[in-house]
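Here is a friendly tour of some side-chain contacts, starting at the surface and moving on to rings and charges. Please keep the structure open beside the text.

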Amino acid sequence: MLINCVVYENGTKLADIPVSEISEYVSLPGCFVWVALRDASPQELAEVQEEFGLHPLAVEDAQHGHQRPKVEEYADSLFVVMHLLEPGQAGDTSELSVGELDVFVGRSYVVSVRNGSDHGFVEVRERCEREPELLKNGSGFVLYALMDAVVDRYFPVIDAFEVELEAIEQRIFTKGSARENIKQLYELKQRLTLLKHAVAPLLEGTSKLHGGRVPQICAGTQEYFRDVVDHLGRINSSIDSMRDTIGTAISVNLSMVTIEDNEVTKRLAAWAAIFAVCTAFAGIWGMNFEHMPELKWRYGYWTALGLIASFCSYLYYRFRRAGWV
């Protein structure tokens with residue numbers, strides 16, 4: 001679905017135009033066209049491919065979707081894939097939906113194709129139009145603005161993950177919570193891996209846009225892409241730190257499970273020892289030999305019960321002091 005098709009001249013919006021008129025503007029000096037699509041159909045992609053001469057391999061990747069984040073250079077154009085991670089309602093990060101933004105960038109055009117995401121980039125277009133001096137840099141600045149917006153959306157996600165991890169860490173030594181903590185830690189680790197898969201490849205690709213042989217499209221905007229790389233690096237470092245913390249937390253919780261199991265084993269062993277005394281005395285006096293003097297003693301029954309009770313009480317007292325019961 002077509003969202004916008006706008007032509008800009010020297011950093012200023014010139015007009016909204018239909019796709020069929022794109023060819024009339026892309027050849028004009030100082031002009032570039034920005035086309036925004038959402039869940040584009042093969043026919044729409046074929047139409048913009050014909051208008052801008054997009055590389056067929058890049059168009060094929062955009063049609064199939066589910067691409068790894070990357071920055072690819074085709075002659076005098078770029079193809080950029082970014083993942084969009086969106087929390088649930090009210091910013092709930094317990095479930096993340098993964099969308100995709102594919103961006104085709106040439107000297108005189110920008111084509112952004114958003115798939116599987118309800119959160120658009122209207123604010124990016126408004127920002128660019130508020131800064132005509134920067135928009136004079138052309139399509140390279142638009143690419144930066146889109147990448148910056150995507151990366152900025154990762155920060156609330158990583159912040160929510162950190163809050164969730166801190167809450168789990170505070171419950172580590174709460175009795176009986178270890179198994180639930182492990183479950184939540186593994187779920188958090190899976191969501192953190194989604195973010196890692198979005199950030200790490202994009203960090204590698206974006207690094208090529210500000211250092212070394214920079215594509216001509218990005219000439220004059222290297223410092224802006226360096227800022228994006230800096231943000232991605234911070235997020236990537238936070239992810240690695242959280243993954244290490246999660247690994248440690250899982251180990252501690254597994255140790256707590258073992259300790260709790262040992263506590264149960266000690267209690268069972270203590271009560272088994274107490275009842276073993278009862279069983280031993282009952283076994284001795286239950287043999288029914290004919291010449292056992294205790295069997296015919298008038299006070300033998302009550303004496304036996306008292307002896308059993310005394311031994312069991314003494315064992316209970318010692319186990320209680322040792323913390324076994």
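W271, F275 and Y316 make up a nonpolar surface patch whose accessible area is about 330 Å² together. This is a predicted model, so treat the values below as computed from it. Y316 belongs to helix α9 (residues 300-322) and is partly exposed, with a relative accessible area of 34%.

**Aromatic pairs**

The count of aromatic pairs comes to ten. One of them joins F79 and F104 in a tilted arrangement, 4.9 Å centre to centre with 35° between the planes. F79 is part of strand β5 (residues 77-86) and F104 of strand β6 (residues 97-106), so this pair ties together parts that are 25 residues apart in sequence.

W271 is partly exposed at 39% relative accessibility, while F275 is exposed at 53%. Elsewhere, ring pairs link F141, Y144, Y224 and F225 into a cluster.

**Charges over rings**

R125 lies over the face of W34, 4.1 Å from the ring centre. The charged end of R153 sits over the ring of F121, 4.1 Å from its centre.

**Salt bridges**

There are eleven salt bridges by count, including these:

| Pair | N to O distance |
|---|---|
| R38 and D118 | 2.9 Å |
| R153 and E123 | 3.0 Å |
| D148 and R127 | 3.1 Å |

What does the bridge between R38 and D118 tie together? R38 lies in strand β3 (residues 31-38) and D118 in the loop between β7 (109-115) and α3 (122-130), so the pair ties together parts that are 80 residues apart in sequence. R38 is partly exposed at 25% relative accessible area, whereas D118 is exposed at 65%. R38, D39 and D118 are linked in a network of salt bridges.

The R153 and E123 side chains meet in a salt bridge; R153 lies in the loop between α5 (139-152) and α6 (154-170) and E123 in helix α3, so this pair ties together parts that are 30 residues apart in sequence. R153 is buried at 16%, and E123 is partly exposed at 37%.

Definitions and conventions. Residues numbered from 1 in each chain as written. Predicted model: local features only at pLDDT ≥ 70, side-chain atom pairs only at ≥ 80, totals over all residues. Heavy atoms only, no water. Patch = residues over 30% accessible without salt bridge, like charges linked within 9 Å, V, L, I, M, F, W, Y side chains within 5 Å. Areas by Shrake-Rupley, 256 points an atom, 1.4 Å probe, with all protein chains shown as cover. Salt bridge = Lys/Arg side-chain N within 4 Å of Asp/Glu carboxyl O. Helix = DSSP H or I, 4+ residues; strand = E, 2+ residues; numbered from the N terminus. Buried < 20%, exposed > 50% of the residue type's maximum accessible area, 1.4 Å probe, protein only. Phe/Tyr/Trp six-rings, centres within 6.5 Å; stacked < 30°, edge-to-face > 60°. Lys NZ or Arg CZ within 6 Å of the ring centre and 35° of its normal.
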